[in-house]
Every structure is written in structure tokens, then in C-alpha cells.
Amino acid sequence: MPQDTTRRGFLTVAGTGAVTALAGCQSGPSSDPTDTPEPSEPSDGGDDTEESDQGTPMAGGTLQMMATGSIQTLDPINAKGSGAGYDQYGRSLMEFRNGLYPPEAALAEDYSMSDDGLTYTFTLKEGVTFHDGSEFTADDVVYSYRRLAGSENSRNRDDIIGETMTVEHEKDASRTEPTDETSLADYVPGSLGVEAVDDYTFEMTLASPFQYTLFQIAGGAFAVLPEGAVGDVEGYEGEYEYNEFFSTANGGPTYAGLGPFQVDSWTKGSQIQLTAFDDYYGEGPQLDGVTYTVVGSGNTRLSRFQNGNADVLEGMPTASFNPDNVSIEEENGNRSVGTYTFDDGTEVNYGEIPSLSTEYLVFNTLEVPIPVRKAFAYAMNQHEIARNVYKGNAKAGYHITPPAPYPTFEDGMSGEDSYDQHAESGYESNTDFAADGYPYGYGETRLEDARAVMEEAGYGENDRFSITATTIAGNSGYASVFTRLQSKLRSAYIDMSIEEAEFGTIISRAISADMEVFALGDGMEYPGPQNFLRFLYGESPSGQFTRWGAEGSYHDTELRQTALDAWEQNYAADDADQASRNEAFQTIEEINWASVQELPTVHTTSQRFWHDHVDVEMYGVMENQTFTDVTLSR
């Protein structure tokens with residue numbers, strides 16, 4: 001299944017499952033995923049390995065992994081879907097151990113929250129050292145968070161001073177250009193509400209309470225670096241030049257993190273080699289190292305795995321996967337583990353988990369008119385895509401929010417039930433165009449409507465619309481979706497050509513609005529609808545991939561205002577409660593139906609395949625996983 005996704009803030013393309021999954025700790029999702037569970041105590045990281053068919057797992061050896069696209073950067077605040085193995089060499093205050101939530105303490109020893117939910121105080125672990133030998137203190141956390149909020153290299157400012165988790169800070173409108181709504185550049189450097197109370201006490205104050213704070217700071221964008229490593233934020237001169245620390249300039253990278261593995265060598269676009277860090281503060285690692293080799297083609301990744309040149313395969317090309325070859329032997333919450341048998345009789349270990357993710361098409365509204373976007377929606381049959389493209393290993397997608405955390409409106413109702421009823425019949429709809437459910441056909445293709453909406457806009461056989469769709473190289477699922485749409489759209493006066501580009505290239509081009517429509521997947525950093533919907537209500541259009549609402553974009557002003565009002569009055573208001581927030585979430589989903597900024601296709605199941613000589617646990621919940629306990633028995 002597709003493994004090229006972005007978490008908007010940070011996503012490791014390899015070394016985890018590449019999209020986020022939801023399970024309530026180890027017992028499946030909560031009936032109300034908007035309730036935030038309390039973090040559990042850190043695991044002792046003990047070794048509970050058992051003897052395998054190929055011998056007893058033992059320490060040592062190098063785990064061979066594959067990355068789906070070029071490794072763009074080592075900088076956690078600059079990464080958007082680029083990187084490989086970040087969970088191995090980076091570390092944040094909190095972590096999702098083996099991908100399970102609630103988050104556990106990592107660099108933090110303990111924490112407390114003030115009664116008003118605004119101030120978090122973290123007691124930090126002592127005796128922790130960076131890969132360069134320097135000691136970890138609260139000053140390093142302050143520096144790292146200030147970089148995230150204020151560095152010109154940060155692509156993830158919205159994670160710390162945006163519309164959801166907002167750390168207290170000052171603003172100065174004169175710091176932005178009149179048309180610059182994109183980068184939260186009105187932030188005043190040095191004003192962030194973070195403080196090193198002493199060497200091992202870090203304090204953070206929010207502008208308003210946020211229920212997923214501990215989830216958010218467990219993400220890769222919040223990884224801690226040595227204070228003053230680079231000087232790209234006011235108040236710090238920087239020990240190294242930016243590209244010397246994070247890239248290959250002057251013999252770099254000189255990068256130093258806090259993970260169990262350190263960066264040994266890095267060839268951009270090809271390979272990154274990690275070696276065990278002897279002074280790691282936690283238990284492990286058992287391995288000597290981990291190597292990530294960039295393999296862009298899904299078929300080539302599959303071949304390398306089958307030939308034994310890779311130890312783990314994160315997802316399989318949709319065209320190659322045969323659900324009949326799966327044998328599930330164990331269920332652990334939402335995680336299913338068993339075996340997969342290839343057509344030649346070779347059997348490998350297999351794990352799967354429903355992902356907290358959405359696959360969708362992204363339209364550049366500066367380039368693609370509303371009637372064309374609606375024609376795409378009428379031409380698409382999400383149920384057919386889930387059944388035939390994804391071999392039934394995905395759920396048809398009609399909302400940007402995945403089913404499990406979808407807003408609910410009745411006690412005891414699951415998110416999935418609310419999701420399905422709204423899509424099918426317009427349950428609890430807030431707008432006229434959603435009164436009867438998904439307006440473009442639930443489980444059907446409506447080409448007559450696609451032609452009608454185009455004809456009404458003046459298109460026809462002699463006045464056709466040409467568009468280029470961009471898909472991730474080697475991703476057979478996305479390519480198949482576009483190919484199926486291509487023939488249908490021809491009858492609706494739309495000529496679509498299809499091009500391929502590497503994942504990292506697509507993210508860069510999306511940021512610069514250099515494509516008309518492209519396919520992408522998004523995994524949640526925390527199980528709340530606002531994680532995705534903060535990008536759809538139109539507040540900062542020139543900073544979003546869709547550019548919806550930006551000057552010159554094809555958008556309905558009244559619809560945008562409805563979305564803005566729903567967010568400001570029902571979600572972000574001082575007196576907002578869960579009921580009003582759920583109403584806002586539902587409205588934003590319906591506005592996206594009307595505007596077709598992003599067109600959902602499916603919610604996938606994440607898969608992992610691994611050979612018998614690898615003793616690795618199937619990830620769960622958030623899919624982040626550090627290989628401290630992994631052993632090999634080649």
C-alpha cells in the first residue's frame with residue numbers, strides 16, 4: 001500500500017510505517033477519540049526476545065531498511081515528509097513507544113500541568129549526552145523550540161504558534177508583508193513562552209489550553225538539538241553553518257541528536273548509515289547500526305526484500321499485494337500479526353493496522369477552476385478505488401478526517417458510525433449542500449453530472465480543459481487512481497496528462513504551488529480532527545498547498561467566510577466546548593465538499609513485512625518506532 005505520506009509537520013518516510021495509525025493504547029481506539037488519555041509511565045525497555053526459527057536473536061548486525069524517496073534534510077524543523085530513520089537519531093521530550101499512545105516520557109523524567117491547562121513543567125532526565133558529547137539541559141529545549149517558532153528554515157511553525165497548539169508569544173504585524181499570510185512571520189523572536197527554570201527543569205506556557213499538547217511535542221519537529229548548534233534564530237550565533245550541521249557542506253553533517261543511533265555517513269539521494277551510540281541514555285540499542293537505502297520504485301523495494309537485500313518492507317505496491325496470501329494469527333488491539341506467503345511459496349512475517357490517515361488529491365486552486373474540481377469529484381468512485389485499487393485493504397474516503405477520530409454527536413456513537421452516516425445521508429449536516437450526504441455520489445460515478453457542471457461553466461468538446469496530474473514515482477496506487485480518472489474525465493471535456501516525481505520533489509513543488517493536482521497521503525500527529533482541518537478553513541491560504549482563498553484563486557468568498565466563522569466562533573472561541581468544536585469540524589468537512597480543495601480517496605491499512613531473522617514488533621497507534629529492542633539472527 002502507498003507509503004509516501006506527510007504529517008504536515010514531520011514524517012519519517014522509512015523506519016516507521018510512514019502513516020499514522022490509531023489504537024487505544026493496546027486495546028483499540030477509545031469510543032471518543034477527542035478525549036486525551038493521560039501518558040503512561042515509561043517502559044523499562046527490557047529485553048523479551050524469544051528464540052526464532054533461524055536461531056536466537058542476539059546483539060549486533062546492521063538492519064537494512066529502505067527509504068521511498070531522497071533524504072532531503074536532517075533538520076527536524078525543516079522536514080515535511082523528507083527524511084529517513086528520524087526516530088532512530090532524533091529524540092523529543094515525549095515519545096510514542098512502538099507507536100502506541102498515550103505518549104510516554106522520553107527526554108522528560110516527569111511533568112506537571114497547571115490547573116488552568118496552560119503551563120507545562122517538565123523535569124528532564126540527567127546524564128543525557130548528545131552525539132557530539134555535550135550534555136543535555138533545559139537550555140537545549142528552549143533553543144530547539146525557539147528555532148521551530150522563529151527560524152527562517154522552519155516549515156513547521158504552525159505546530160507551535162499556529163491555530164491549534166499555540167505557545168504564548170508576541171506578534172508584530174510590521175514584520176510581515178501586506179500579502180504575507182503564510183509563515184506566521186509576525187512572531188517576535190525571543191518572545192516564545194518557554195523557559196529553562198534550571199538545568200533540568202523546562203517550562204512551557206500556552207496561549208490557550210490544548211488537549212493534545214503532549215501528543216504534539218512527541219513529534220519529530222520538536223526534537224531537541226544542542227543549544228546554539230546553528231545561528232538561524234535571533235539570540236544564537238551558531239557553532240556551525242547551517243549546511244555544515246544539517247547537510248554535507250564542509251565535510252558535514254556535524255549533526256548531533258539524542259537518539260540511540262548517530263549519523264555515520266550520508267549520501268544525499270542515495271543512503272544514510274546510522275551506527276549505535278554507545279552513550280545513549282536509554283536501554284539498547286541491540287543493533288550495531290541501521291542503513292536506509294533510497295529505493296524509489298515500489299516494485300524494486302519489493303524485489304530487494306524478496307531477494308533478502310532488505311530486512312523489512314514497509315508496505316507493498318498495491319498491484320502486487322494479494323489479500324488471499326495473508327494469514328492473521330494474532331490480534332492485539334488494532335494490530336494484526338501473522339504471515340504473508342508469496343506466490344513462490346516463501347513465507348514472511350506480516351503485520352497490519354488501520355491507519356489514522358487519509359489519501360487524497362490536492363488541487364492548486366490558483367490554477368484549477370471550481371467546475372473542474374467538481375467534475376473530478378463526480379468522476380471518482382471511492383468505493384471502487386478501495387475495492388479494486390487497494391484490494392479491499394482500505395476504506396472508501398469521503399472526509400479528510402479519518403473514521404476513528406471523526407466528530408461524534410451522540411453518546412456512545414463511534415467516530416466511524418458518525419463518519420459513515422454523514423457521508424451516506426447527511427447526518428447532523430450544517431449546510432444545505434451536505435443535507436443528503438456526499439454530494440458527488442456515495443459509492444458511484446456520476447459522469448452526466450460531471451459533464452453538466454463543465455458545460456454550465458462553458459466547457460465542451462470544442463473548449464476542453466487541460467490539466468497535468470503529478471503522482472509519486474513508484475507509487476502504483478496513486479498512479480492507478482489517476483489512470484482510472486483519466487479515461488472518465490475525457491467524457492467530461494477534461495484532458496489529463498500524468499507525470500511522475502519523487503516524493504521530496506512533490507513536497508517542494510507543493511510548497512511553491514508548482515503543480516495543478518497531485519496525490520498525497522497524510523497521517524495524523526495526534527488523534528483530533530483539528531490536526532487536518534486547520535489547513536482547510538482558509539485562514540492563511542498562501543501557506544497551504546491548495547492556496548484556497550488566496551488572491552487570484554478560484555474560490556467562493558461566501559463559502560470561505562462560512563468556514564472562517566465556523567472555526568473562529570465554534571472551535572477557537574474562548575467558550576468553545578467539545579460540542580461546538582465538533583460542529584466546527586463537521587462544517588469544515590462540508591465546506592471542503594463544496595469547494596473541493598482536497599478530494600479524499602481512501603483511508604488505508606498500514607502494512608509491514610519482515611523476515612524471520614528480524615525480531616521486530618509490529619508498530620501501533622502513531623507508528624513511530626525506535627529500533628532499540630530489535631535484534632537480528634542471520
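This is a short exchange about a predicted model and the terms used to describe it.

Reader: Why is T275 called partly exposed?

Author: Partly exposed runs between the buried limit, under 20%, and the exposed limit, over 50%. T275 has 26% relative accessibility, so it counts as partly exposed.

Reader: Where does T275 sit?

Author: In strand β9, residues 271–276.

Reader: Which residues is T275 in contact with, beyond its neighbours within four places in sequence?

Author: P260, F261, Q262, D264, D288 and G289. Contact here means heavy atoms within 4.5 Å. Take D288: it is 13 residues from T275 in sequence. In space, the two C-alpha atoms are 5.9 Å apart.

Reader: What makes the buried residues of α12 lie on the same side?

Author: Start with the residues. Helix α12 spans 503–511, and its buried residues are F503, G504, I506, I507 and A510. They cover an arc of only 160 degrees around the axis, which means that they are on the same side of α12.

Reader: What do the buried residues of α12 pack against?

Author: Three strands: β17 (465–472), β18 (494–501) and β19 (517–523).

Reader: Which residue just after α12 takes a positive phi?

Author: A513 does, at about 55 degrees.

Reader: What makes a set of residues a nonpolar core?

Author: The residues must be buried, of a listed type such as Phe or Tyr, and joined through side-chain atoms within 4.5 Å. The largest such core here has 104 residues. Y145 and F202 have the most contacts inside it. Helix α2, residues 138–150, gives this core its largest share, seven residues.

Reader: Which residues is F202 in contact with, leaving aside those within four places in sequence?

Author: The list includes A138, V141, V142 and Y145. Also among them are L93, Y120, F122, L124 and V194. T121 and E195 are in contact with F202 as well.

Reader: How many residues of the protein count as buried, as a percentage?

Author: The figure is 60% of the 634 residues. Each of these falls under 20% relative accessible area.

Reader: What share of the contacts joins residues 24 or more positions apart?

Author: Among contacts with a separation of 6 or more, 71%.

Reader: How many helices and strands does the protein have?

Author: It has 15 helices and 22 strands.

Conventions:
Residues are numbered from 1 along each chain as its sequence is written. This is a predicted model: local features need pLDDT of at least 70, side-chain atom pairs count only at pLDDT 80 or more; totals for chains, interfaces and linings use all residues. Side-chain values use heavy atoms; hydrogens and water are left out. Buried means under 20% relative accessible area, exposed over 50%, partly exposed in between (1.4 Å probe, protein chains only). Helices (H or I, at least four residues) and strands (E, at least two) are DSSP runs, numbered from the N terminus. The arc is that of the directions from the helix axis to the C-beta atoms.
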